[in-house]
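Please read them beside the sequence and the structure.

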Amino acid sequence: MIKYITLFLISLFSLSLYNNLHANNLHADFQTIPILAYHSFSEPDTSQRKLRINVPPKKFLEQLQYLADNNYKVLPLEKFVEALNKKLPLPQKSVVITIDDGVESVYSVAFPYLNKFNFCATLFLTTNFVNKSFTWEMLNELQNSGVIDIQGHTKTHHYCSLVRDLKTERKTSYLKRLEMELLESKNIIEEKLNNKVKYLAYPYGKYDQFVIEKAKKYGYKALLTFHGGTNTLSSSPFNINRQAVYGDFDLKKFISLLNIGHLKSYYLNPPLATYTFYKKPKIFAMIEEPINLNLYQILFKLDNKILPYNYDQKSGKLSLVFDKPLIQGGHFIKIQLVNKNTCIVEKEVGWVFTRQGIPFTTIKGIKLFLKIFLSLMLFGVLVIITYKIRRKNA
Ligand SMILES: [Zn+2]
């Protein structure tokens, strides 16, 4: 009898343990972790003042103070990536701070401010940007402080980012550039700062599946985008969303970034990080939950421009209406639900795809083929005419 009671108790205990774990996992899946992306922190009266990406020091301080006052846990990126890989829940109100490019104000403003609050951040460094005002010595100090960890943001910050420029780049020169941007920059940082570069933020957030595969091959363990949206613990470490913090944001807007929810969709078209050959691809998202149009205004953005859309409430299909063909290269899509009462973006989903055209080398080849073909035709016609004239004369 005691044996059966013990067995019963063991099974009851295991069941409750399973339920707890399961509940934690469910909870983990719905937890959202925003990642903030900054660039520079200069006073508005400097040369940077017209740049939206410049956040004045006063505002940055106010934002950090808000995080501290409201018990936010500023996590190192490494901890977040580890949680993604192991599907472990993170503390409530977790947030990650990142800074892109590498300008002097990271050293003179962000570093002491973060230090003051005992916060940490990741700097995604473009190695060619290191210069007289922002030196390797300063970067070494940041890295050794444990406050700012330095990771990769390519070597040159090329205008096409890591995507191939089909108008000017041959495949071989593109592959060489990719190696320089991904591998050479990584080696430079590792050598100069004696740290391990495992993470990469795409310049301008542009990338595609080919870039992801190459970055993995060169040893990157996580890749960060720039198309907005938040993260859940089921996000892929190779498509980590980030929220840009701009200089014209007030505190209310900043708070909304921290609270933005994930607009769940079960299909995106064209799918994330893929190519399309169409000049006017069909851009749509299948939204999982019905959108209450009395409460929300939908913003459908293509490359940051708000465009008209169609929404079929029955199927959940939200499709973009646009008439101009897309240029070749990376394109951003963002769908946001704005609360009509508060004017706050409550949920969003963003993604990127690439419009691929025919490479210029292929076009050159076709032109050459047509030239040869037409010349041969002309030659043939001339031969026939000459032959006929000769026969007539004979
Ligand atoms: Zn950048």
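1. The sheet. Four strands make up an open sheet, ordered S10-S12-S16-S15, with antiparallel pairing. Strands here are DSSP runs of E of at least two residues, helices are runs of H or I of at least four residues, and both are numbered from the N terminus. Two strands count as paired if DSSP finds at least two bridges between them. Strand S10 (265-269) and strand S15 (309-312) are the edges; each has a single partner strand, so one side of each lacks a neighbour in the sheet. Direction ignored, neighbouring strands of this sheet are turned against each other by 10 degrees on average.

2. Basis of the model. This is a predicted model, in which local features need pLDDT of at least 70 and side-chain atom pairs count only at pLDDT 80 or more, while totals for chains, interfaces and linings use all residues. Residues are numbered from 1 along each chain as its sequence is written.

3. Confidence. The protein chain has an average pLDDT of 90, and 90% of the residues score at least 70; pLDDT is the predictor's confidence in each residue, from 0 to 100. Over residues 13-29 pLDDT stays under 50, and the model has nine contacts beyond four places in sequence for them. A contact means that the C-beta atoms of two residues, placed from the backbone, lie within 7 Å. Where pLDDT is low, the predicted coordinates should not be read in detail.

4. S10 pairs with strand S12 (residues 284-287) in the antiparallel sense over four bridges, and Ser 265 stands opposite Ile 287 in S12. Tyr 309 has Leu 320 in S16 as its bridge partner. S15 and S16 form a hairpin with four residues between them, and Gly 316 in the turn has a positive phi of about 85 degrees.

5. Backbone points to check. Which peptide bond is cis, with omega near -15 degrees? The bond from Asn 269 to Pro 270 is, and Pro 270 lies in the loop between S10 and strand S11 (275-276). Asp 101, in strand S3 (residues 94-101), has a positive phi near 85 degrees although this residue is not glycine. Most residues other than glycine have a negative phi, and most peptide bonds are trans.

6. Helix H2 against helix H4. H2 (residues 57-69) and H4 (residues 104-117) pack at about 20 degrees, with axes 10 Å apart. H2 is therefore roughly parallel to H4, a term used for angles under 35 degrees. Axes are lines fitted to C-alpha atoms, for helices over the stretch in contact, and angles run from 0 to 180 degrees between N-to-C directions. The contact is made by Pro 57, Phe 60, Leu 61, Leu 64 and Ala 68 of H2 with Val 109, Tyr 113 and Phe 117 of H4. These residues divide into eight nonpolar, no polar and no charged; Ala, Val, Leu, Ile, Met, Phe, Trp, Tyr, Cys and Pro count as nonpolar, Asp, Glu, Lys and Arg as charged, and the others, Gly among them, as polar.

7. Helix H2 against helix H8. H2 and H8 (residues 251-259) pack at about 50 degrees, with axes 11 Å apart. Glu 62, Gln 63 and Tyr 66 of H2 meet Leu 251, Phe 254 and Ile 255 of H8. By class, this contact has four nonpolar, one polar and one charged residues.

Definitions and conventions: Angles under 35 degrees count as roughly parallel, over 145 as roughly antiparallel, 65 to 115 as roughly perpendicular and the rest as oblique.
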